[in-house]
Amino acid sequence: MWSEMSGRSKRKELIILHPVGVAYKTDENKVMRIEIYAEYVEALEGIEKLSYIDVLYWMHKLTEKDRRKLKVHPRGDLSKPLTGVFATRSPMRPNPIGLTRVRLLRRERNVLFVEGLDALDGSPIIDIKSG
């Protein structure tokens, strides 16, 4: 149920995201490379001093049907009760934004090599934050 808060409208607003790069698989197990677009390279300054970073990415392979699913069995375990997606780490959600803390292995100009990113090959990167 919607509630009126501080006189705010009940309307849905359109949010536009601008990817800052793309994640790709590498030949190394558990290592991915994140290619940052040229217009955002300046934002990488100082990142090589960090050991861990948080990577936000768009789970681009989810369908509209997947995005309408609001309850899931946690970790796909049917013995567990249906639970709201906001109370789980399920990829099924209205806005398929993934978040993973990864180990930053190295930076080569506009490319970051990271370990532990659970994004799929070709996933758009939305943002990167200090871990």
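Mentor: Please bear in mind throughout that this is a predicted model.

Arg103 belongs to strand E6 and Glu115 to strand E7, so the bridge ties together parts that are twelve residues apart in sequence. How exposed are the two partners? Arg103 has a relative accessibility of 35%, and therefore counts as partly exposed, since that class lies between 20% and 50%. Glu115, with a relative accessible area of 29%, is partly exposed.

Arg103 also leads us to Tyr52. The C-alpha atoms of Tyr52 and Arg103 are separated by 4.5 Å, although the two residues are 51 residues apart along the chain. Tyr52 lies in strand E3, which covers residues 52-58. Leaving aside neighbours within four places in sequence, Tyr52 is in contact with Arg101, Val102, Arg103, Leu104, Ser130 and Gly131. Tyr52 counts as partly exposed because its relative accessibility is 41%.

Arg109 is found in the loop between E6 and strand E7 (111-115). Phi of Arg109 is near 55 degrees, a positive value in a residue other than glycine. Most residues other than glycine have a negative phi, which is the reason for pointing this value out. With 71% relative accessibility, Arg109 counts as exposed.

Two further salt bridges deserve attention. In one of them, the side chains of Arg33 and Glu35 meet at 2.8 Å, N to O. Arg33 counts as partly exposed at 24% relative accessibility, and Glu35 is partly exposed at 28%. In the other, Lys129 and Asp127 bring their side chains together at 3.7 Å, N to O. Here Lys129 is partly exposed at 46% relative accessibility, as is Asp127 at 30%.

Finally, strand E6 has a part in the largest pocket as well. This pocket has a volume of about 310 Å³. Of the 17 residues that line the pocket, the closest to its centre are Tyr57, Met59, Arg89, Pro91 and Gly98. Strand E6, residues 97-108, gives the most to the lining, with three residues. By class, the lining has eight nonpolar, five polar and four charged residues.

Key. Residues numbered from 1 in each chain as written. Predicted model: local features only at pLDDT ≥ 70, side-chain atom pairs only at ≥ 80, totals over all residues. Heavy atoms only, no water. 1 Å grid on protein atoms, 1.4 Å probe; cavity = no way out; pocket = protein on both sides within 12 Å on 5 of 7 lines; lining within 4 Å. Points joined across faces, edges and corners; volume = space filled by probe spheres on them. Helix = DSSP H or I, 4+ residues; strand = E, 2+ residues; numbered from the N terminus. Nonpolar A, V, L, I, M, F, W, Y, C, P; charged D, E, K, R; others polar. Buried < 20%, exposed > 50% of the residue type's maximum accessible area, 1.4 Å probe, protein only. Contact = heavy atoms within 4.5 Å. Salt bridge = Lys/Arg side-chain N within 4 Å of Asp/Glu carboxyl O.
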